[in-house]
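Trainee: I have a structure open and would like to talk it through. Can we go step by step?
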Amino acid sequence: MTTRRNFLGYAATAVGAMPFAGAALAQNSSSTSSSSSGSGAAAASQASASAASGYDASTANKELDVISLPRLKDDFEAAVPKAGYVFVSGAKGDEWTLRENRRAMEDFRLMTHRLTGVSPQDLDLSVEILGQKLPFPFFVAPMGAHRMVHEEGEVATARGTGMAGALYCSSGASNKTLEEIAEATTGPKWFQLYFNQDVNVTKSLLRRAKKAGYSAILLTADALGPGTPDEFRAMGMPFRPDMTFGNHDPAFGGTGDFLAQKVDLTPDDIKMIKDETGLPVIVKGILRGEDVDPIIAAGADAIQVSNHGGRQIDGVPGAISALPLVAKAVDGRVPVIMDSGIRRGIDVIRALSMGATCVAVGRPVMYGLGVGGAKGVQSVLETLANELRTDLLLTGARSVADLDASYISVTGASAEMQEN
Ligand SMILES: Cc1cc2nc3c(=O)[nH]c(=O)nc-3n(C[C@H](O)[C@H](O)[C@H](O)COP(=O)(O)O)c2cc1C
């Protein structure tokens, strides 16, 4: 179990709270907020009110008329407690990388073809990755702490993802257990691992994930330190007091301290996951071409370009800017996945044209969860698929498999990065 003492131990060693320094931290809120900004007193009283009463997240379950994924953010703000909104929508530091994930998309201009004879019936959005056929080239990024947003937590997200026919990647920081989530998922599913310092805890998670039917393990390589937005810290880290890391909660048969994560990861850790499970391994959080060779040599089956949606280290480039460099280094040896900043059909086209086989979507799925529960998640994924269908038609490509770098003109800061 996570205790205040071992959390503070982490902070003292500058490793800090992992991104979901969870339920136990709710009890720490008044002490953390006292050292925070000028708005600390108000935030602290708000946080302790939450801690005393718990707070009710959304219980919605309704189809949404989604105009676009970015516009759903305002509805999300209105639908969930402030703590959930700040935690999900925010990012690290000055949130430059969060903004840059979106701005950098504009560096990738779409070069459309005309008179290609493609009709809507011809369009094929499907892709195949690691033995899974996906109806469209995006899946739900691993995200923890869904009970900050919806009372049913990840079970609703997983159900809604299955209703849309999409792949669900279950976070190691989920509030629900990986088994409950697996049961709710009707589509394909992957499990995201936070590698634990205690190898027996890691092995137990891997064995459970395999038994529950997850078909790949996604190792997150970039969540090595504090990952919470400044605003959330200023509020006193108001996690729900009734919320735990489901996979580690003894009340649900879990073991180990979620926060005791292995920080000094090496390629050997990839080998261990493969030996233990025999499942394909995806390594998430890669931003440089130079990092790729040892990861592939260790047996990784896919590489995920990601800056964690700007939630880990601010100042790193937009993920789309890093994608061509990583894809070039990978050179077709394994599939490349990309996430961070995907909001529109044209973003999916940009990423696939620059070398990704598929992409992952983060926050907008949480927006759908908060506003509409499982059905809201389904609406978000279907909206993106419909947008992609129209955008692909307007691009002049018949299928997502036809997309390549010839569909894009790279400009601005992203073009400069390719030259350096
Ligand atoms: C609330 C929240 C929780 C997250 N939790 C995790 C996690 O447990 N594991 C992980 O690998 N990434 C986690 N991420 C990062 C996402 O997997 C993904 O990289 C990011 O959200 C993509 O950026 P986007 O939100 O702009 O689409 C989380 C992101 C959010 C917003």
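Mentor: We can, and we start with a term: helices are DSSP runs of H or I with at least four residues, numbered from the N terminus. Keep in mind that this model is predicted.

Trainee: In which helix is A182 placed?
Mentor: Look at the stretch covering residues 178–184. A182 falls within that stretch, and its helix is α9.

Trainee: Is A182 buried or exposed?
Mentor: Count the C-beta neighbours inside 10 Å: A182 has 20. A residue is buried if 20 or more lie within that distance. A182 therefore counts as buried.

Trainee: Which residues is A182 in contact with, leaving aside its neighbours within four places in sequence?
Mentor: Start with a distance: the C-alpha atoms of A182 and S170 are separated by 8.3 Å, and these residues are 12 apart along the chain. For contacts, the cut-off is 7 Å between C-beta atoms. With its sequence neighbours within four places left aside, A182 is in contact with K189, A212, G213 and Y214.

Trainee: How do α8 and α16 pack, roughly parallel or roughly antiparallel?
Mentor: Two packed helices are described by the angle between their axes and the distance between the axes. Helix α8 spans residues 154–163 and helix α16 spans residues 363–395; their axes are 6 Å apart, at an angle of about 25°. Angles under 35 degrees count as roughly parallel. So α8 and α16 are roughly parallel.

Trainee: Which residues of α8 make the contact with α16?
Mentor: Take the α16 side to begin with: V365, L369, G373, A374, K375, G376, V377, Q378 and L381. By class, the contact has 7 nonpolar, 6 polar and 2 charged residues. From α8 come A156, T157, R159, G160, T161 and M163.

Trainee: What is the orientation of α10 and α12 to each other?
Mentor: Helix α10 covers residues 199–211 and helix α12 covers 267–277. Their axes come within 10 Å and cross at roughly 45°. The crossing is right-handed. At that angle, α10 and α12 are therefore oblique to each other.

Trainee: How many charged residues are in the contact of α10 with α12?
Mentor: K203, L206 and K210 of α10 meet I273, E276 and T277 of α12. Sort them by class: 2 are nonpolar and 1 is polar. The charged residues number 3.

Trainee: What is the phi of E95, and where is E95 found?
Mentor: Most residues other than glycine have a negative phi. E95 is not a glycine, yet its phi is positive, about 65°. With 17 C-beta neighbours inside 10 Å, E95 counts as partly exposed. E95 is found in the loop between α6 (82–89) and α7 (96–103).

Trainee: Is A145 buried or exposed?
Mentor: A145 is another residue other than glycine with a positive phi, near 60°. Its place is in the loop between β4 (138–140) and α8. Within 10 Å, A145 has 24 other C-beta atoms, so A145 is buried.

Trainee: Which residues come nearest to the ligand?
Mentor: Around the ligand there are 24 residues. This shell divides into 9 nonpolar, 11 polar and 4 charged. Those that come nearest are A141, S171, T220, G309 and G362.

Trainee: What percentage of the chain's residues count as buried?
Mentor: The secondary structure comes to 17 helices and 12 strands. Among contacts with a separation of 6 or more, 74% join residues 24 or more positions apart. Of the 420 residues, the share that counts as buried is 57%.

Methods:
Residues are numbered from 1 along each chain as its sequence is written. This is a predicted model: local features need pLDDT of at least 70, side-chain atom pairs count only at pLDDT 80 or more; totals for chains, interfaces and linings use all residues. A residue is near a molecule or strand if its C-beta atom, placed from the backbone, lies within 6 Å of it. Ala, Val, Leu, Ile, Met, Phe, Trp, Tyr, Cys and Pro count as nonpolar, Asp, Glu, Lys and Arg as charged, and the others, Gly among them, as polar. Axes are lines fitted to C-alpha atoms, for helices over the stretch in contact, and angles run from 0 to 180 degrees between N-to-C directions. Helices (H or I, at least four residues) and strands (E, at least two) are DSSP runs, numbered from the N terminus. Angles under 35 degrees count as roughly parallel, over 145 as roughly antiparallel, 65 to 115 as roughly perpendicular and the rest as oblique. Two residues are in contact if their C-beta atoms, placed from the backbone, lie within 7 Å. A crossing is left-handed if the near helix is turned anticlockwise from the far one by less than a right angle, and right-handed if clockwise. A residue is buried if 20 or more other C-beta atoms lie within 10 Å of its own, exposed if 12 or fewer, and partly exposed in between; C-beta atoms are placed from the backbone.
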